[in-house]
Structures are given as structure tokens and as C-alpha cells.
Amino acid sequence: MILAKEFNRNRFARDSDFTISTSKPQPPTIVQFGANDPQELARASSLVAPFCSGVDLNCGCPQSWACAETLGAALMEKRELVRDMVVETRAQLRRDGWAVGKEQDMDNPKGKSVSVKIRVHKDLRKTIDFITTVLGPDQDRHIDWLTVHPRTRSTPSSTPINLEALEILTSTFGDRVPILLSGDVFALNTLPFTSPLLASTTFTTSSPPPPGPNNNNNNPLTALPKLSGVMSARAILANPALYAGYDACPWEAVSTFMNKAARAPLPHKLMLHHLSEMCSPGMGPNKAALLTKQERAAMMACTNMVDLIDFLDEKMGGIGREGDDR
Ligand SMILES: Cc1cc2nc3c(=O)[nH]c(=O)nc-3n(C[C@H](O)[C@H](O)[C@H](O)COP(=O)(O)O)c2cc1C
């Protein structure tokens, strides 16, 4: 979440909050803002539009500092304001010459999306009212898609997502707007629901695969036929190969990360943080880890990139040698 007001006013905020690679082609990138004013969101979106595929408004951040500023989850009580922000942003992008025709402009090189990420209310009727207002008319809805994090502002992330709420929201609105799930997407082969989205996924597991989706109690899994996509936060930090169907981080992911980081360096502490996530047990049921706790401690003691590369080369080489016949 980038704060729109600061982004608009301060060159240093822009430099530190938003950097992209200049090598082409780039994967689609959605820039998410925290905002509470239509002009601020529209202006910030106008500034980033040439460098991204779309903009998103954060209505889910529960942190107290954000809510105190009427940002993030506090916006779940301000549905008209959220509607006004996305309407103004879409209008500004259109004035700037971007194509904001949603599905019609999906393949348009000038196409840009405007989307919203929400949490749910304790009383789901309020969420239904919220979405109805933000969506606007079916013939020209205000947003390209909606991401739902099915927890309330005060639900801890250790509590499982509210699948019943997601089921109701996707069946109510899923034909009118693409709905994405954010929350508890830990491994694609153990999701706590069924979805046609997963039909073509090939799974790769580094340990014996669990007996199908995440269903330990033999209850039928909730079916979500109207779900359009999933988003992962905690699990993808630990396993960036999640969407390739891996249920634990493979060494190839570490190696790809190191190659990218060598070309576009990150602060060393941030490198270590990502590597520690990738080499620890992940969020899903497969708790295989690339490094032991002691090995991770040794990695964290590397004070520079050269030591880090040597350390990981040795570990990856060791893995390779284990597999051959010597
Ligand atoms: C380190 C971290 C940073 C996050 N930053 C954002 C953010 O900037 N915007 C946002 O909408 N959600 C953010 N989230 C929340 C996630 O998008 C997501 O809704 C939540 O973590 C639940 O999904 P998960 O189970 O996949 O982690 C963040 C979560 C984590 C762990």
C-alpha cells in the first residue's frame, strides 16, 4: 500500500515507494494505494499509470495508524466515498488517454484496471451494501475486479478465513464482477474449497502428497464456482513457486531470486529476510524446509553478497550432489 497523498506531494516518497525494472517484458503489475480522497487517488493513479497495468484501493489494512487516518479497513464504513474515489480515478485515467473499458480493453495496450480490496463486516449485509454501492450499474460498473479478504477488521490472521461469507459474496456478485480471494492460500493442492480455477494446475510436491484438498474431517468442501482468482501474501513470501503448483519452496526459486537480485540489487537485510522466508518451513501442510534452523542462522550471519552467494552455492551444490551417483 502506497500512501496516495504522500506519493503526490513528495519526490522522495515516489522514489522510495515505487521502483520498476526497465527490462521488458514486464509481468502485469497492480499498484495499490491507501487513500481517502477522490482527487488524491486519481492524481496518484495518473502518476503511476504509465508504469503499471492498473491501480487498486486498499480497504482492508487493519493497522490502527491507517484506520485513524480513515485509510484501509476504516473505508469499509465509507462506501459512498470508496465509490467516489474509484469513479474519479477511472474518469481521470480516461482523460489521460488510457483505456478503462474493463473486459473490452483487456488486450488493449493502453488498458488500465481500477480495483478494490476489501475485508468483510461482522454483519455480511453491510458488506453486500458496500459492494453494491462500489460496483455501481451492471452496464458500466465502477471497478474491474474485487479482492475479498474474508476476515473482519478485528479477526486475527491466525483465525481461518470465513468461507461461508466468501461463498455468499461470490454467489451474489460473482456473475457481475470478477472476485478474487486473499487469505489462507497456502498451497494450491490443499485449498479449503473446490474451484474450477484449479482444474488445469499440475502439482509438484517434495513429500508424499496429502490426500487431496485440505479436508481432514471428511466434510464436503465448500464449492466456489464463481471465484475468479486467488491472491497469496504470507505463503508466497515463503514459497514464490506456489502458483507453479509447488507445495514447498524449491531451490530453483532461490536461484532465480539470487539471479534477479544480482541484476537489481536489494538492501542486504531485505535479501536475507526473503531468503530466510524461502528457506524456512512454509505456510502449507508440507513443512519441508530448504535449510535447517542452524543453517538459516549461518545464512543470516553472512554480512555481504559474496559470502551469501558462496554459502548458498555450497548448499545448492550439496543438494545436486546428493541426487547423483557419486
Ligand atoms: C508482509 C505483509 C504485507 C502486506 N501488505 C499488504 C498491503 O500492502 N496491502 C494489502 O491490501 N494487504 C496487505 N497484506 C495483507 C495480505 O494482502 C492478505 O490479505 C493477508 O495477509 C491474508 O492473506 P494470506 O493468508 O495470503 O497472508 C499484507 C500481508 C503481509 C503478510
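User: Is Lys102 buried or exposed, going by its relative accessible area?
Analyst: The relative accessible area of Lys102 is 11%, and buried means under 20%, exposed over 50% and partly exposed in between (1.4 Å probe, protein chains only). This is a predicted model, in which local features need pLDDT of at least 70, side-chain atom pairs count only at pLDDT 80 or more, and totals for chains, interfaces and linings use all residues.

User: What is phi of Lys102?
Analyst: Lys102 lies in the loop between α5 and β4 (113-119), where helices (H or I, at least four residues) and strands (E, at least two) are DSSP runs, numbered from the N terminus. Although Lys102 is a residue other than glycine, its phi is positive, near 50°.

User: What is the relative accessible area of Thr70?
Analyst: Thr70, found in the loop between α4 (64-68) and α5 (79-95), is not a glycine, yet has a positive phi of about 55°. Thr70 is partly exposed, and its relative accessible area is 27%.

User: How many residues does the largest nonpolar core have?
Analyst: A nonpolar core is a set of buried Ala, Val, Leu, Ile, Met, Phe, Trp, Tyr and Cys residues joined through side-chain atoms within 4.5 Å. Among the residues with the most contacts inside the largest one are Phe33, Val116 and Ile118. The number of residues in this core is 53.

Terms used. Residues numbered from 1 in each chain as written. Heavy atoms only, no water.
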